[in-house]
Amino acid sequence: MTRTGRKGHHRSKKKRVVIAMAPLVAVAVAVPLMNQAGAATPSEVTRDCAQNAAKLDNCEFVDVQFKRDSLGSNKRVSTVTDNCGSTSALSKAFSVSASVTRSVTLEDGFTASADSKLGNSFFEIGAKFNTTEIDLKRDDTGTGFDFSRTDTVQPDHIGFFMWSEKRTDVSGFLKATYKEEQDGQKVFFSPSEGGTSVHVFYPQLLKNGTPDGRLWLRNVKCGTAQANGIQNSAKSLRAEPGFGEGGANVSDVEIPLTEIPAP
């Protein structure tokens with residue numbers, strides 16, 4: 001009887017040892033899972049860089065490729081003169097004005113302020129792409145032109161000026177260095193190292209400071225769908241076709257950049 005009791009005592013000790021070890025195994029498995037969850041995602045990198053987050057040691061834009069003379073959107077840059085119903089051409093003084101500024105395309109529409117680490121990086125990168133003919137507008141302030149000139153509106157047409165700026169499109173990725181390690185590392189990227197989905201559009205400026213691009217006088221035949229759409233819309237709310245792309249009812253005449261006064 002005594003021997004039987006001892007065997008039972010030994011079995012209970014083994015059970016206690018197994019129960020005591022089980023939580024330790026669970027903790028060991030949980031540690032790498034927690035570290036994994038702390039790693040910065042590409043979206044978080046973009047957000048932290050755009051917000052100049054305090055947890056960042058640095059954030060920089062790394063350029064991968066570029067394209068010069070990329071045309072921006074087509075913008076109406078004067079009021080519309082109505083010469084509808086007339087059989088004579090109309091000489092009209094137009095007030096023409098436009099402004100260009102550096103723009104950045106980040107994930108989810110984030111932007112970066114000029115005094116952020118990322119904003120400084122955009123400014124520094126831009127200097128690499130200046131040439132003997134053009135300088136790039138590297139900061140986020142605007143520059144442009146504002147002048148008057150007299151031109152001709154055709155009979156039974158409406159007339160106005162259009163503008164499309166020339167830009168250097170530099171594409172690449174964001175490199176963020178964090179002060180504290182996340183998942184065993186401090187450096188993370190968005191969208192990925194070597195990626196090209198972050199675009200910085202630098203307006204090109206001629207050496208006299210005038211924005212580089214295309215300025216043209218557009219005449220549109222009255223009574224057409226194009227003319228009616230223009231007359232019934234604000235210039236900031238309507239997309240316009242590019243130079244020479246308006247169709248049979250539209251005529252475009254380009255204005256040499258030398259005729260745009262320097263700012």
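User: What covers the buried residues of α2?
Analyst: The cover includes β1 (56-71), α3 (117-126), β8 and β9 (185-190), with contact meaning heavy atoms within 4.5 Å. Helices (H or I, at least four residues) and strands (E, at least two) are DSSP runs, numbered from the N terminus. Before we go on: this is a predicted model, where local features need pLDDT of at least 70 and side-chain atom pairs count only at pLDDT 80 or more, while totals for chains, interfaces and linings use all residues. Residues are numbered from 1 along each chain as its sequence is written, and side-chain values use heavy atoms, with hydrogens and water left out.

User: OK, and which residues of α2 are buried?
Analyst: In α2 (residues 42-50), Val45, Thr46, Asp48, Cys49 and Ala50 are buried. Buried means under 20% relative accessible area, exposed over 50%, and partly exposed in between (1.4 Å probe, protein chains only).

User: What does Asp48 meet in a salt bridge?
Analyst: Lys55, at 3.7 Å from N to O. A salt bridge here is a side-chain nitrogen of Lys or Arg within 4 Å of a carboxyl oxygen of Asp or Glu. Asp48 has 4% relative accessibility, so it counts as buried, whereas Lys55 is partly exposed at 43%. Arg47 belongs to the picture too: Arg47, Asp48 and Lys55 are linked in a network of salt bridges.

User: How many salt bridges does the structure hold?
Analyst: It holds 12. One of them joins Glu240 and Arg76, with the closest N and O atoms 3.4 Å apart. Glu240 lies in the loop between α4 (225-231) and β12 (250-255) and Arg76 in strand β2 (residues 75-76), so the pair ties together parts that are 164 residues apart in sequence.

User: Are those two buried or exposed?
Analyst: Both Glu240 and Arg76 are buried. Arg76 also has its charged end over the ring of Phe160, 5.6 Å from the ring centre. That label needs NZ of Lys or CZ of Arg within 6 Å of the ring centre and within 35 degrees of the ring normal.

User: Where else does a charged end sit over a ring?
Analyst: Arg138 has its charged end over the ring of Phe123, 4.0 Å from the centre.

User: Switching to rings, how many aromatic pairs are there?
Analyst: The count comes to eight aromatic pairs. Rings of Phe, Tyr and Trp (its six-membered ring) pair if their centres lie within 6.5 Å; planes under 30 degrees apart count as stacked, over 60 as edge-to-face and the rest as tilted. Among the pairs, Phe66 and Phe129 are tilted, at 4.8 Å centre to centre and 50 degrees between the planes. Phe66 is in strand β1 and Phe129 in the loop between α3 and β6 (134-136), so this pair ties together parts 63 residues apart in sequence. Phe66 is partly exposed at 44%, while Phe129 is buried at 5%.

User: And what about Trp216 and Phe243?
Analyst: Their ring centres are 5.6 Å apart and their planes are at 80 degrees, so the pair is edge-to-face. Trp216 is buried, at 0% relative accessibility, and Phe243 is partly exposed at 27%.

User: Last one: how many bridges join β8 to β9?
Analyst: Five bridges join them, and the strands run antiparallel; DSSP has to find at least two bridges for strands to pair. Thr177 stands opposite Val187 in β9. The hairpin of β8 and β9 has two residues between the strands, and Asp183 takes a positive phi near 55 degrees there.
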